[in-house]
Amino acid sequence: MLAQPEIAPGRWPLLGHTVPLLRDPLGLFSAVRERGEVVRLFLGPLPVYLVTTPELAWQLLVTDGAKFDKGIVFDKMRPLFGDGLATSNGELNRRQRRLVQPAFHRDRIAGYADQTITRLAAEVADSWQAGQIVDFGERMQDFALTAAGRTLFSTELGDEVLTEIQRSIPIMLKYVLLRAFSPGWVEKLPIPPNRRFDAAAARLRRVITEAVVSARSSGTDHGDLLSMLLLARDEETGEGMSDRQVRDEVITILTTGAETTAVALAWFFHELGRHSAVERRFHAEIDRVLGGRPVRFGDLPALEYTQRIIHEIGRRTPPLILMRRAREDVELGGVPVPAGAEVAVSQHTLHQDPRHFPDPGRFDPDRWTAERLAALPRGAFIPFGAGARLCPGHFLAPAEIAIAAVTIGARWRLVPVPGKPVRTKIKATMQPDRLPMLVTPRDATSG
C-alpha cells in the first residue's frame, strides 16, 4: 500500500505554511527531513509534496524530469520573467534553451571574463582605500548588476539601461519571496509590496524592450550577450527569437545571474574574515598561481582551493527551493503524486543533510576535494538545479565569482567589523543583512 506523507510542522489555518516560510524558511526546511522522504507543505490551501533526499531530488529533476513542468512559484514570477527559461514549459522551454545555450559557451564566457568581469572587479578594488569601512554586500550587488549589464549590453546600449537595472532589480528581489510563497489572492491585494514589485517589473520590461529593438535595428554584432541572443537561430527550424522572447531571456539572466554572484561573493569574504586559515590558503594560492599579474579565465583550473571555497558557499547558501508540477500521475518514494500536483525540493534541506555533509553547520572547503566530491550521491548538491532545466549560467556564475574574488583578494583583506553581527536575510536567496567590512591591505598583515 502506498504511503501518505506527513504534514510539515507549523501549518496555519487558511494560510498553510506561508507564515513559517516567510518568517523562518531555513528552520522549516531543516525540520522536514525528520518527517520522511516526502513531506506535505501547504501554500494556503494548496498542497505541495516536498522531497527531502538526494535520490528523490534526482528522480524529480532528472530521471522523471519529463513528467514535470515548472511549478506555481514560477507561475507567480511570470509578470517579471515573461516566458523566459525560468518560467516556460514544454516545447517553448526546449526551443529557448537551444537558442540561449550558445551564449554561455565556454569561449564566450572566456570573453566575458577577460574583457568585462576582470576589469570591473579591478575597478571595485581600485575604488577602496586602506582603513575604509564598506557595506560589502551592497557593493557586491552593485558589482554583479554592473557586470551582468555590461556582459549583456554593449557600452552604447548598456549606459542607457544600467541605471534602471540597478534601480528595479533590487526592488523586485526584495519582494519576490512574499509573492512566491503567499496564496494567490495575496498578490492581487493593492498593498505597497505588490505595487512596488509590479511597477519595477514594468519599468524593467519597458527599458529592456527598447534596448532590444534598438540593437536589432542596428544589425551590428557588438560582441555582447544580447547580440548572441538576437543572432541565435534554431538548428531545427532556422528561426530566431522575437523581441519579446529576447527581452524575457535578458530579464531572466539579469535577475537570476546577478543575484547568485552578489550573494556568493558577499558570503565568500564574510567566511574568509571568520576563518583565518582558509584566508591564508586562499591568498597563498593567488600568489602562487598569478605571481602578481591580473587573473585570466585560463587561470581558473589552477585556482583549485578557490573553487572549493565557492562550492562550500554554494552548499551553505543555496537558493531556497525548486518547484515542479506533475504532468501525470507519478510515484515518489512510495508516495502517489497525482497529475497537476505541486512538487518541490529544497536545496537547503539537501545541502545540510549530515549523512552526506558531516557537521553541516561547519564551514569546510576541504569537503570538496575530488575524492569527496566523487563520493556524493547524485542530487546531494544541486545549487543550479539539475537535468534538462539546469541553469544555463551554471558555468558562468562560478567563473565570475572566482575572478572577482581573486582580483579583490590579491590586494585586500576584508575584515569583519567588531560588534556588528551578520544575520541572514531571506529574499530569493540567503543574503547577509548588512555586511560592514574593514578594507585592509594584504601587505599590512601576515595574510
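1. Ser346 touches Phe29, Leu50, Val51, Leu320 and Ile321, leaving aside residues up to four places away in sequence; a contact here means heavy atoms within 4.5 Å. Ser346 sits in the loop between β9 (342–345) and α15 (347–351). This serine is buried, with a relative accessible area of 0% (buried is under 20%, exposed over 50%, partly exposed in between, with a 1.4 Å probe and protein chains only).

2. A word on the basis of these values: this is a predicted model, in which local features need pLDDT of at least 70, side-chain atom pairs count only at pLDDT 80 or more, and totals for chains, interfaces and linings use all residues. Residues are numbered from 1 along each chain as its sequence is written, and side-chain values use heavy atoms, with hydrogens and water left out.

3. Do have a look at β13 (residues 436–441), which pairs with strand β5 (residues 133–135) in the antiparallel sense over three bridges. Within that pairing, Val134 has Met437 as its bridge partner. Strand β10 (residues 412–416) also pairs with β13 in the antiparallel sense, over five bridges, and there Arg413 stands opposite Thr440. Strands count as paired if DSSP finds at least two bridges between them.

4. Turning to the whole chain, there are 17 helices and 13 strands; these are DSSP runs numbered from the N terminus, with helices being H or I of at least four residues and strands E of at least two. The chain is as compact as a globular protein of its length, because its radius of gyration of 22 Å is close to the 22 Å that the globule rule gives for 447 residues (C-alpha atoms are used, and the rule is 2.2 Å times the number of residues to the power 0.38). Along the principal axes, the C-alpha atoms fill a box of roughly 65 × 55 × 45 Å.

5. Among contacts with a separation of 6 or more, 72% come from residues 24 or more positions apart.
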